[in-house]
Amino acid sequence: QVQLVESGGGLVQAGGSLRLSCATSGRFSVINAMGWYRQAPEKQREQVARITNEGSTNYADSVKGRLTISRDNAKNTLYLQMNSLKPEDTAVYYCNMEGVFLGKTFTAWGQGTQVTVSS
């Protein structure tokens, strides 16, 4: 069982910054990758950023150059630094983990944190 708890969301003006955190706990053998997804009202959930166990990152085209994903393995925490925010970044942001436990792969999700960017 893996628990992911996001924090750091809120209301910010366009051009502002936020830093999301995802604290992880529970039992797992291997983390293959972690990521941030978001879901705006009446839209499908989309991947925003992803970081592999080796540290490779990839980003959605819409956020490249503005959002940065990182991990602190000592603190078991995933981050998303969000700069130059736009109203279209408004969404619920979810933390995601892809891993292995007892030889079986799993995918875990956090409960989400709301980010609202005002124009």
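Figure 1. With 119 residues, a compact globule would have a radius of gyration near 14 Å, and the chain agrees because its value is 14 Å. This radius is taken over C-alpha atoms, and the globule rule is 2.2 Å times the number of residues to the power 0.38. The model is predicted: local features need pLDDT of at least 70, side-chain atom pairs count only at pLDDT 80 or more, and totals for chains, interfaces and linings use all residues. Residues are numbered from 1 along each chain as its sequence is written, and side-chain values use heavy atoms, with hydrogens and water left out. Along the principal axes, the C-alpha atoms fill a box of roughly 45 × 25 × 25 Å.

**Figure 2. The chain has 11 strands and zero helices.** Read along the sequence, the pattern is β-β-β-β-β-β-β-β-β-β-β. Helices (H or I, at least four residues) and strands (E, at least two) are DSSP runs, numbered from the N terminus. Take the contacts between residues at least 6 apart in sequence: 55% of them join residues at least 24 apart. A contact means heavy atoms within 4.5 Å.

Figure 3. Of the 119 residues, 41% count as buried. Buried means under 20% relative accessible area, exposed over 50%, and partly exposed in between (1.4 Å probe, protein chains only). The chain exposes about 6500 Å², and carbon and sulfur atoms supply 46% of that area. Accessible areas come from the Shrake-Rupley method with a 1.4 Å probe; for residues, only the protein chains shown count as cover. The chain carries 12 positive and 9 negative charges, and their mean positions are 5 Å apart. Lys and Arg count as positive, Asp and Glu as negative; His and the chain ends are not counted. Each charge is placed at NZ of Lys, CZ of Arg, CG of Asp or CD of Glu.

**Figure 4. Strand β3 pairs with β1 and with β8.** Strand β1 (residues 2–7) runs antiparallel to β3 (residues 18–26), over six bridges. Here Val5 stands opposite Ala23 of β3. Strand β8 (residues 77–82) also pairs with β3 in the antiparallel sense, over six bridges. In this pairing, Leu20 has Leu80 of β8 as its bridge partner. Two strands pair if DSSP finds at least two bridges between them.

**Figure 5. Gly112 is a buried loop residue.** Gly112 lies between β10 (104–109) and β11 (113–118). Gly112 counts as buried because its relative accessibility is 15%. Leaving out residues up to four places away in sequence, Gly112 touches Glu6, Val92, Tyr93 and Tyr94. Asn96 is 16 residues from Gly112 in sequence, and their C-alpha atoms are 9.9 Å apart.

**Figure 6. Thr52 is a buried residue in a strand.** Thr52 is found in β5 (residues 46–52). At 15% relative accessibility, Thr52 counts as buried. Thr52 touches Asn32, Ala33 and Arg71, again not counting residues up to four places away in sequence.

**Figure 7. Glu42 and Leu102 have positive phi.** Phi of Glu42 is near 65°, a positive value in a residue other than glycine. Glu42 lies in the loop between β4 (30–39) and β5. With a relative accessible area of 86%, Glu42 is exposed. Leu102 is not a glycine either, and has a positive phi of about 55°. Leu102 sits in the loop between β9 (91–101) and β10. Its relative accessible area is 67%, so Leu102 is exposed.
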